[in-house]
Amino acid sequence: MDIISRQRVFEGELIRFKHDAASTHCEMTCSVFMPPQASADTPVPTLYWLSGLTCNDQNFAQKAGAFRAAVDMNIAIVMPDTSPRGDNVPDDDEGSYDFGLGAGFYVDATRPPFNQHYRMYSYIVDELPALIEHSFDVTSVKSISGHSMGGHGALIIGLKNPQHYRAMSSFSPVCHPSDCPWGKKAFALYLGDDAGAWEAYDATLLIAKAQSVRPIKIDQGSADEFLAEQLKPDALLKAAHQQDVSLQYGLHTGYDHSYYFISSFIDDHIAFHAEHLHDR
């Protein structure tokens, strides 16, 4: 682990670092916020934040305004990058924003040439927590949240690993990627044409078959330009209702897809996670 920078924030510390990742076969960058209460004698639980398309590890740290609440709730926040990066990492041939660099979709790719590096699911679920729990004053108690593509990642990771995460939350998540343009493009190129492989990374399809579901909180803006075509929360809500899964869903009039929306309600999400992270 090589430290890139350290910033003092609300008496806590924001630490940005890079490391060689075995799962993605490249150097990965990550940011971690540690509240001032954290120490070797009193380690704290962790919230993992997954960002959306075109973002990296810094967007949430700079724009969300989450650190005061994290200090108040005594929670560390881990903010990984959204994809592998580097000169040898393949990108979208057309240079579009919705696939390739900055758009890993939190899957383990199986289709060449992406299968060597684009293994963000394994990186987030296995490799990164092991590194964080070894290197920082945190416990193994964690939950997960995210926005847009990252909201999709938070939901599928939480649904697939209820033994690892106390709760999951999302802002404006891609709820049914198997049935939207962003998801269809990414899944076809990362996973091929196997419908079963797609189902393993689709929150709507996963929740329809889930045996155990941790608490879920979702917030969505009514003025989100991607709501109808890309995000499709109604599909997830219908599947959850049919499976008798209870989740908190808020539709907020006039809010869009931006960090203005996230910063308006991030304190609610931090409090939601704190309730479950500190519940013994």
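Predicted model: local features only at pLDDT ≥ 70, side-chain atom pairs only at ≥ 80, totals over all residues.
Q: How many helices and strands does the protein have?
A: The protein has ten helices and nine strands; these are DSSP runs numbered from the N terminus, helices being H or I of at least four residues and strands E of at least two.

Q: How compact is the protein for its length?
A: Its radius of gyration, taken over C-alpha atoms, is 17 Å, close to the 19 Å that the globule rule (2.2 Å times the number of residues to the power 0.38) gives for 280 residues, so the protein is as compact as a globular protein of that length.

Q: What share of the residues is buried?
A: Of the 280 residues, 57% count as buried. Buried means under 20% relative accessible area, exposed over 50%, and partly exposed in between, with a 1.4 Å probe and protein chains only.

Q: Moving to the sheet, what is the strand order?
A: The nine strands form an open sheet in the order β1-β2-β3-β5-β4-β6-β7-β8-β9, with mixed pairing; two strands pair if DSSP finds at least two bridges between them. The edge strands, β1 (2-9) and β9 (248-252), each pair on one side only.

Q: Which helix packs on that sheet and touches β5?
A: Helix α10 (residues 259-277) does, and among the other strands it touches are β4 (44-50) and β9. Contact here means heavy atoms within 4.5 Å. The direction of α10 makes about 175° with that of β7 (168-171); axes are lines fitted to C-alpha atoms, for helices over the stretch in contact, and angles run from 0 to 180 degrees between N-to-C directions.

Q: Is β5 buried or exposed?
A: Five of the five residues of β5 are buried, so β5 is largely enclosed by the rest of the structure. A76, V78 and P80 point one way from the strand, and I77 and M79 the other way.

Q: How do β3 and β4 pair with β5?
A: Strand β3 (residues 26-34) runs antiparallel to β5 and is joined to it by four bridges. On that side, S31 stands opposite M79, and C30 stands opposite P80. β4 pairs with β5 in the parallel sense over three bridges, and Y48 has V78 as its bridge partner.

Q: Changing topic, how many salt bridges are there?
A: A search of the whole structure finds twelve. A salt bridge is a side-chain nitrogen of Lys or Arg within 4 Å of a carboxyl oxygen of Asp or Glu.

Q: Which residue forms a salt bridge with K185?
A: K185 pairs with D92 at 3.9 Å, N to O. The two link distant parts of the chain, 93 residues apart: K185 lies in helix α5 (residues 181-191), and D92 lies in the loop between β5 (76-80) and α3 (120-135). K185 is partly exposed at 25% relative accessibility, whereas D92 is buried at 11%.

Q: And what about E11 and R8, buried or exposed?
A: Both are exposed. E11 forms a salt bridge with R8, with the closest N and O atoms 3.3 Å apart.

Q: Where does D179 find its partner?
A: D179 meets K184 in a salt bridge of 4.0 Å, N to O. D179 is partly exposed at 33% relative accessibility, and K184 is partly exposed at 39%.

Terms used
Residues numbered from 1 in each chain as written. Heavy atoms only, no water.
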